[in-house]
Amino acid sequence: MNYPEIELYIGGHWRRASGSPIINPADESVLGTVPHATKADLDDALDAAAKGFAVWRNTAPSTRAQIILRAAALIRERANDMSRAMTLEQGKPLDQARLEILRGCDIIEWDATEGMRLYGRVIPAGPGLQHTVHRQPIGPVAAFSPWNFPMSSPARKVAGALSSGCSIILKASEETPAGALQLVRAFHDAGLPAGVLNLVFGNPAEISSYLVPSPAIRLITFTGSVPIGKHLASMAGQHMKPAIMELGGHGPVIVCGDADPVTTAALSVTAKSRNAGQVCVAPTRFFVQESSFETFAQAFAEGASRLKVGNGLDPSTQLGPLANPRRIEAMERLVSDAAARGARVLAGGQRIGNRGYFYPLTVLAGVPDSALAMNEEPFGPLALVNPVRDLDEAIAKANALPFGLAAYAFTNSADNAQRLSNDVETGNLSINHFVASTAETPFGGVKDSGYGREGGTEGLSCYTVARNVSHKFN
Ligand code: NAD
């Protein structure tokens, strides 16, 4: 089966504990047990993170980078075994699991080398006076990562913290723990000093309400839903802790009349089916200029219907199962509500079988603004395709929701691109492609989609504080 035994990792040591079952979403079988940390485990992790920080912040940036790069190299060597475990626990097709791991390595490597360039500056002052600004690691970090990207989401947080000189306690997903475990194992094997990185699982609410207020923790980073993000951000605020909040989205896609509707539809099928749509940057609301609408909608529906749905371990599978039964319930609720309000089902629309959480890529057209799916993040394989008169209407509709994480547009007009760049309310806009974030660019939201950035120099600076030293010479 190749599914690893899941353990806690605290102060450089692996710990076993009793916990809850891990379910394979393709057949609902039990893969193993995820250990739940006790309060004593969390106290040990806090103590370890404080000690680890004292060591790591005083380790030369070049030495830190060497250790982090060694971990990334080990992960690349182990990518095949790691991807198999991630497909078993999360459902995504093997090639997507492998790509996630390689992309996670890109992020770790970029951050590791950028961590050697966290430069300060010297600010001009009067004679006999010097101001120097230092970027110092903020301190031990409490990180909470979700189930949809079991490796790359924790990798972003671990790489950001470690490359900036911080220590970290990672509370990864209990539903998909192997991605995080294998990531942490690579850092252990690469020789990371004890306590710099710690891994716990358990009851998420109990762990966050214990770690966030702890005086040892100096920064919170969370990826997950808007309601939980707001809850954690307010807890962080009560304890005056800065936070990075990567929350949900409801990706608008604006297809202008000058873009090729058939090519854009083919790209949309691939983008929407990635990880079965369980992606915060998934394209969801398609606003297509009237002249192209029917051609686009038909090509999208045909492409969606051709996708091979199945167990992610089968190399021919293009769309794996959804990760948990909550996503099936959400798809059924959103699709039946939209259909009842007059939306046309162009593809999909029904659960496949009743063992394993399979749901096809579903394309709905003519979905009214009042439909639940037009307002609630579907977080699944659901595309909503609607016609718009012009760019003004498309931008107004794109901006109508409280979300603002990733947006997409297809156009060959420089004027349209300029307007979209200015006027779409979003943290990330991709024009003529569907890649929302890369290792070297800042990624994050506006409005309810959160704040703080991961990736790029902006991402690393979230893990540091600017300290000014003002020195008067006698
Ligand atoms: P959820 O809101 O219960 O949980 C979302 C995440 O937060 C999970 O990883 C969970 O373990 C964690 N969590 C829950 N309560 C917590 C707490 N008190 N403290 C710390 N962590 C906590 O929903 P879910 O069913 O797991 O996921 C559904 C929704 O979550 C989706 O519809 C989507 O909007 C959102 N989500 C977003 C992302 C993302 O990448 N932004 C990832 C996963 C889930």
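## Salt bridges and nonpolar cores

In this predicted model, Glu-109 and Arg-76 join their side chains in a salt bridge, with N and O 2.8 Å apart. Glu-109 sits in helix α4 (residues 94-114) and Arg-76 in helix α2 (residues 61-77), so this pair ties together parts 33 residues apart in sequence.

| Salt bridge | N to O distance | Relative accessibility |
|---|---|---|
| Glu-109 and Arg-76 | 2.8 Å | Glu-109 24%, Arg-76 31% |
| Lys-397 and Asp-369 | 3.0 Å | Lys-397 22%, Asp-369 46% |
| Arg-389 and Glu-393 | 3.5 Å | Arg-389 54%, Glu-393 18% |

Now to the nonpolar side. The largest nonpolar core has 81 residues, and Ile-75, Ile-108, Phe-144 and Met-151 are among those with the most contacts inside it. Helix α6 (residues 177-189) supplies the largest share, seven residues. Both domain 1 (8-247 + 448-472) and domain 2 (251-439) give residues to this core, so it lies between them. Beyond four places in sequence, Met-151 touches residues including Ile-75, Met-82, Ile-108 and Leu-183.

Finally, have a look at Ser-173, in the loop between β8 (168-171) and α6. Ser-173 is buried because its relative accessible area of 6% is under 20%. A polar atom of the Ser-173 side chain lies 3.3 Å from the backbone nitrogen of Thr-176. Leaving aside neighbours within four places, Ser-173 is in contact with Ser-145, Pro-146, Trp-147 and Phe-201.

Key:
Residues are numbered from 1 along each chain as its sequence is written. This is a predicted model: local features need pLDDT of at least 70, side-chain atom pairs count only at pLDDT 80 or more; totals for chains, interfaces and linings use all residues. Side-chain values use heavy atoms; hydrogens and water are left out. A nonpolar core is a set of buried Ala, Val, Leu, Ile, Met, Phe, Trp, Tyr and Cys residues joined through side-chain atoms within 4.5 Å. Buried means under 20% relative accessible area, exposed over 50%, partly exposed in between (1.4 Å probe, protein chains only). Helices (H or I, at least four residues) and strands (E, at least two) are DSSP runs, numbered from the N terminus. Domain bounds come from an automatic or database domain assignment. Contact means heavy atoms within 4.5 Å. A polar contact is a pair of N or O atoms within 3.5 Å; within protein, one must be able to donate a hydrogen and the other to accept it, and residues adjacent in sequence count only if both atoms are side-chain atoms. A salt bridge is a side-chain nitrogen of Lys or Arg within 4 Å of a carboxyl oxygen of Asp or Glu.
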